[in-house]
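Please keep the sequence and the 3D view at hand while reading.

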Amino acid sequence: MNRRKWLQQAARYTTGLVAMGFSFRSLAQPYVLDFNTSPFDTQNLEPLKPKSMPFELPALSYAHNALEPHFDAMTMEIHHSKHHAAYVNNLNAALNGTAHEGKSLEELMAIISTLPAAVRNNGGGHYNHSLFWTLLTPQASTKPSAKLEAAINEDFGNMDGFKEQFTKAAMGRFGSGWAWLCRTENGLKICSTANQDNPLMDTEKANCGGYPLLGLDVWEHSYYLKYQNRRADYVHAFWNVLNWEAVSRRYEAG
Ligand code: MN3
């Protein structure tokens, strides 16, 4: 093939590729699948703009049955793969196309009073459950670090005093919600929130504000299959699967 023929052929290929929506500039951009601007849309030859990643359901680091007999396998499976997944999907749907798409969960919590209820409920649900799973472990008898234990002793007398007050917060929450241990400027604090609210939300500043170290889900969906109406038994069982090492890491990180 001579040079002239080669150039003609190359020009034909290039024209064909451009007609298919291909551009050399697009090679410099990471490929992002976006059904709104298909790469084969001949009307849109601009490089595709990467969209922010939607939120995703985090994987558990243990099997659904790993917390038996304290937390049963079926509850864990439904709680994670159905309840939590729904919060993630609904949160993404509520943020899709809004100015708040791409913000972190922490950023959303800090301005939650200005956002729609769907973001508050599902964003809180995603944050709370993502934290909750990391606080559970099949390894029995983990211990708080010396620093955290000293803080617990100072604020609650001793570990039994802490558990007693925390259980009271969990039992006292009427309907659905969470019990929390938070780090605040004035030391540790036990409190509870309704629904999927949490201590990072600007709405909780006066009530249950702080940095959440430990949260316990007291919605019936987290215990009803195994414990039915016996929330106290579920709270009692929680101490057997609580990962004090994870709580201690959160305490010492900040
Ligand atoms: Mn739940």
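In what follows, a donor is an N, O or S atom within 2.8 Å of the metal, and because water is not among the atoms, a site may look incomplete. The structure itself is a predicted model, and the values given below should be read with that in mind.

With that definition in place, the manganese ion can be described: His-79 (NE2), His-129 (NE2), Asp-217 (OD) and His-221 (NE2) coordinate the ion, at 1.9 to 2.1 Å. Along the sequence, these donor residues follow the spacing H-x49-H-x87-D-x3-H. His-79 belongs to helix 3 (residues 73-95) and His-129 to helix 5 (residues 117-134), so this pair ties together parts of the chain that lie 50 residues apart in sequence. Both of these histidines, His-79 and His-129, are buried.

For the chain as a whole, the secondary structure amounts to 11 helices and 3 strands, and read from the N terminus the order of elements is α-α-α-α-α-α-α-β-β-α-β-α-α-α. Of the 254 residues in the chain, 41% are buried. Among the contacts with a separation of 6 or more, 65% are between residues 24 or more positions apart.

How do two helices of this chain meet? Two packed helices are described by the angle between their axes and the distance between the axes. The axes of helix 6 (residues 146-156) and helix 11 (residues 244-253) come within 9 Å of each other and cross at roughly 85°. Angles of 65 to 115 degrees count as roughly perpendicular, and helix 6 and helix 11 are therefore described as roughly perpendicular to each other. On the side of helix 6, the residues in contact are Lys-147, Leu-148, Ala-151 and Ile-152, and they meet Trp-244, Val-247, Ser-248, Tyr-251 and Glu-252 of helix 11. Sorted by class, this contact has 6 nonpolar, 1 polar and 2 charged residues.

A further place to look is strand 1 (residues 177-184), where Trp-180 is found. With a relative accessible area of 0%, Trp-180 is buried, since buried means under 20%. The side chain of Trp-180 is joined to that of Thr-193 by a polar contact of 2.9 Å. Trp-180 and Cys-191, although 11 residues apart in sequence, are 5.3 Å apart in space when taken from C-alpha to C-alpha.

The last topic is the backbone. Most residues other than glycine have a negative phi, and most peptide bonds are trans.

| Residue | Phi | Loop | Relative accessibility |
|---|---|---|---|
| Asn-195 | about 55° | between strand 2 (187-194) and helix 8 (205-208) | 40% |

Which peptide bond is cis, with omega near 0°? The bond in question runs from Glu-68 to Pro-69, and Pro-69 lies in the loop between helix 2 (24-27) and helix 3.

Terms used:
Residues are numbered from 1 along each chain as its sequence is written. This is a predicted model: local features need pLDDT of at least 70, side-chain atom pairs count only at pLDDT 80 or more; totals for chains, interfaces and linings use all residues. Side-chain values use heavy atoms; hydrogens and water are left out. Axes are lines fitted to C-alpha atoms, for helices over the stretch in contact, and angles run from 0 to 180 degrees between N-to-C directions. Helices (H or I, at least four residues) and strands (E, at least two) are DSSP runs, numbered from the N terminus. Angles under 35 degrees count as roughly parallel, over 145 as roughly antiparallel, 65 to 115 as roughly perpendicular and the rest as oblique. Contact means heavy atoms within 4.5 Å. Ala, Val, Leu, Ile, Met, Phe, Trp, Tyr, Cys and Pro count as nonpolar, Asp, Glu, Lys and Arg as charged, and the others, Gly among them, as polar. Donors are N, O and S atoms within 2.8 Å of the metal (3.2 Å for Na, K and Ca); water is not among the atoms, so sites may look incomplete. Buried means under 20% relative accessible area, exposed over 50%, partly exposed in between (1.4 Å probe, protein chains only). A polar contact is a pair of N or O atoms within 3.5 Å; within protein, one must be able to donate a hydrogen and the other to accept it, and residues adjacent in sequence count only if both atoms are side-chain atoms.
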